[in-house]
Amino acid sequence: VDENKDGCLTLLQWNKVELWFQYKAFLPGSEEDLDAEVAIVKQREAYDRATALKKVLWDMFRKGEGDAAVIDIKATLLHLCADRDMFLGIKKAFSVSPVRPPTRSSS
């Protein structure tokens, strides 16, 4: 999604990203199944928490205004790594921002 590989996403790019809390398993006959009889009615009644949370994250972490606004994806994901289990939080943080061994310079 980050086409220029600068670590920042525009709103259009941010909306293309699927975060872990947006993933739902598809079940035939469920309200997400557009062929199910109750689907359209249930979808109108349902509040999309995942999309609302994603909008809040954009508003919290964006830099700039209007079309120039961007979000630093790594910084945003690092803020979301906190966990009651300290070691699990650290593990999440390292998965977002891997530590690379220092390169040796040839002298």
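**Exercise 1. The segment before S1**

Task: Find where Lys-5 lies, then decide whether Lys-5 is buried or exposed.

Solution. 
Step 1. Lys-5 lies in the segment before S1. The model in which we look for it is predicted.
Step 2. Take the relative accessible area of Lys-5, which is 72%. The cut-off for exposed is over 50%. Lys-5 is therefore exposed.
Step 3. Now check the backbone. Phi of Lys-5 is near 55°, a positive value in a residue other than glycine. Most residues other than glycine have a negative phi.

**Exercise 2. The order of elements**

Task: State how many helices and strands the protein has, and in which order the elements run.

Solution. 
Step 1. Count by type: the protein has five helices and three strands.
Step 2. Read from the N terminus on: the elements run β-α-α-α-β-β-α-α.
Step 3. The protein has 107 residues, and 20% of them count as buried.

**Exercise 3. The sheet**

Task: Work out the strand order of the sheet, and explain which strands stand at the edges.

Solution. 
Step 1. The sheet is open and has three strands, in the order S1-S3-S2. The pairing is antiparallel.
Step 2. Strand S1 (8–9) and strand S2 (62–63) each have a single partner strand, so they stand at the edges. One side of each is left without a neighbour in the sheet.
Step 3. Look at one pair. S1 and strand S3, residues 70–72, are joined over two bridges in the antiparallel sense. Ile-71 in S3 is the bridge partner of Leu-9.
Step 4. Recall the general rule: strands of a sheet pair through backbone hydrogen bonds.

**Exercise 4. A network of salt bridges**

Task: Trace the salt bridges that link Lys-55, Asp-59, Arg-62 and Glu-65.

Solution. 
Step 1. Start at Lys-55. A salt bridge joins Lys-55 to Asp-59, with the closest N and O atoms 3.2 Å apart. The two residues are four apart in helix H3, so about one helical turn separates them.
Step 2. Go on from Asp-59. Its side chain meets that of Arg-62 in a salt bridge of 3.2 Å, N to O.
Step 3. Go on from Arg-62. Its side chain meets that of Glu-65 in a salt bridge of 3.5 Å, N to O.
Step 4. Check accessibility. Asp-59 is partly exposed at 37%. Arg-62 is partly exposed at 29%. Glu-65, at 58%, counts as exposed.

**Exercise 5. Rings and a nonpolar patch**

Task: Find the charged end that sits over the ring of Trp-14, then name the residues of the nonpolar patch.

Solution. 
Step 1. The charged end of Lys-54 sits over the ring of Trp-14. The distance to the ring centre is 5.5 Å.
Step 2. Look for aromatic pairs: the structure holds zero.
Step 3. Move to the surface. Met-86, Phe-87, Ile-90 and Phe-94 form a nonpolar patch there. Together they have about 450 Å² of accessible area.
Step 4. Pick one member. Ile-90 lies in helix H5, residues 86–96. At 38% relative accessibility, Ile-90 counts as partly exposed.

Note on methods
Residues are numbered from 1 along each chain as its sequence is written. This is a predicted model: local features need pLDDT of at least 70, side-chain atom pairs count only at pLDDT 80 or more; totals for chains, interfaces and linings use all residues. Side-chain values use heavy atoms; hydrogens and water are left out. Two strands pair if DSSP finds at least two bridges between them. Rings of Phe, Tyr and Trp (its six-membered ring) pair if their centres lie within 6.5 Å; planes under 30 degrees apart count as stacked, over 60 as edge-to-face and the rest as tilted. A charge sits over a ring if NZ of Lys or CZ of Arg is within 6 Å of the ring centre and within 35 degrees of the ring normal. Patches are made of residues with over 30% relative accessible area and no salt bridge: like charges are joined within 9 Å, nonpolar side chains (Val, Leu, Ile, Met, Phe, Trp, Tyr) within 5 Å. Accessible areas come from the Shrake-Rupley method with a 1.4 Å probe; for residues, only the protein chains shown count as cover. A salt bridge is a side-chain nitrogen of Lys or Arg within 4 Å of a carboxyl oxygen of Asp or Glu. Buried means under 20% relative accessible area, exposed over 50%, partly exposed in between (1.4 Å probe, protein chains only).
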